[in-house]
Amino acid sequence: MMFPRVLASAEMAWTPQNKRDWQDFKPRMNAHIPVLQRMGWNPFTLSYDMETEMVVDTVNKVIDVTLDPEKYPAEIRYTTDGSIPTTQSPLYTGSIQVKDSAHIVAAIFENGQLMGIPTEKAVDYHRGINKPVHYNNQLYKGYMAGGVQALVDGYQGGVSYGDGLWQGYLDNLDCVVDMEEITDVNNVSIRFMQITGPGVYQPEQVELLTSIDGENFISQGFVPTTVSADEKNLTFQTYKFSGPWTTCYIRLVAKRANPGFLFTDEIVIW
């Protein structure tokens, strides 16, 4: 277990902080793994996992998605429709640009074989990005994520509410997105997390309401949770509403059903 950690420690000790570069260190680390193995050591074998990073460009209205594998070099192939990549899928060469919606699935290939478990990421440059949001209930200051705009900033959370992208509440969620003009809306969705160990639960239900003037709201229906409060594994549910509606204000009310937190990451509006 000491290797390759000792190599990382050596890198930290010998390299000035302003010259430390993960992208420079990674290929050198990869090159040392077979050397250690030839010496008789049994070092940690770098996995086929990948980190995904997103940059939301509100000027050009595009989201740039980058993939960062542990292995280097790596042949990465991907799809944007949720299907499993094959050797015929596009080759990842730097970044993936998303101008609307994409379900990115990426995997590393070696000698024509898919290796490891594919990485998945849902990405939406939707119509609600950067629109004003008003909260009817007080936000919990401990989990503000990206602030008051966190639910319409284009950044969808990962598998941990500690990643800075999930917004937390100790009350019902009740918020209004101002589309700033009368708009034809076809679909609205919002995703919640459940992990009962630290007290994070799905809401009992989510209600969607629409309004032209911001004062008189019409309910467009309810979507109940399908996740039991006894489910102990990490679970996600996306609450989807299908229109169409003509509206200026979109209100979402998520009713808390259990003591503890609600955590949500993004309201997606099309």
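Biologist: Which residues touch the most other members of the largest nonpolar core?

Modeller: Happy to start there, with the note that this is a predicted model, where local features need pLDDT of at least 70, side-chain atom pairs count only at pLDDT 80 or more, and totals for chains, interfaces and linings use all residues. Residues are numbered from 1 along each chain as its sequence is written, and side-chain values use heavy atoms, leaving out hydrogens and water. A nonpolar core is a set of buried (under 20% relative accessible area, 1.4 Å probe, protein chains only) Ala, Val, Leu, Ile, Met, Phe, Trp, Tyr and Cys residues joined through side-chain atoms within 4.5 Å. Among the 26 residues of the largest one, those with the most contacts to other members are Leu 173, Val 188 and Ile 267.

Biologist: Nice! Which element gives the largest share of this core?

Modeller: Strands are DSSP runs of at least two residues, numbered from the N terminus. Those giving two or more residues to this core include E7 (133–135), E10 (205–211) and E12 (235–255). The largest share, eight residues, belongs to E9.

Biologist: And how many residues are in the second, separate core?

Modeller: Ile 76, Ala 102, Ala 106 and Ile 129 are included in that second core. Its residue count is 18.

Biologist: Is H1 oblique or roughly parallel to H2?

Modeller: H1 (residues 5–14) and H2 (residues 22–38) are helices, that is, DSSP runs of H or I with at least four residues. They pack at about 140°, with axes 11 Å apart, the axes being lines fitted to C-alpha atoms over the stretch in contact and angles running from 0 to 180 degrees between N-to-C directions. Angles under 35 degrees count as roughly parallel, over 145 as roughly antiparallel, 65 to 115 as roughly perpendicular and the rest as oblique. Therefore H1 is, relative to H2, oblique.

Note on methods:
Buried means under 20% relative accessible area, exposed over 50%, partly exposed in between (1.4 Å probe, protein chains only).
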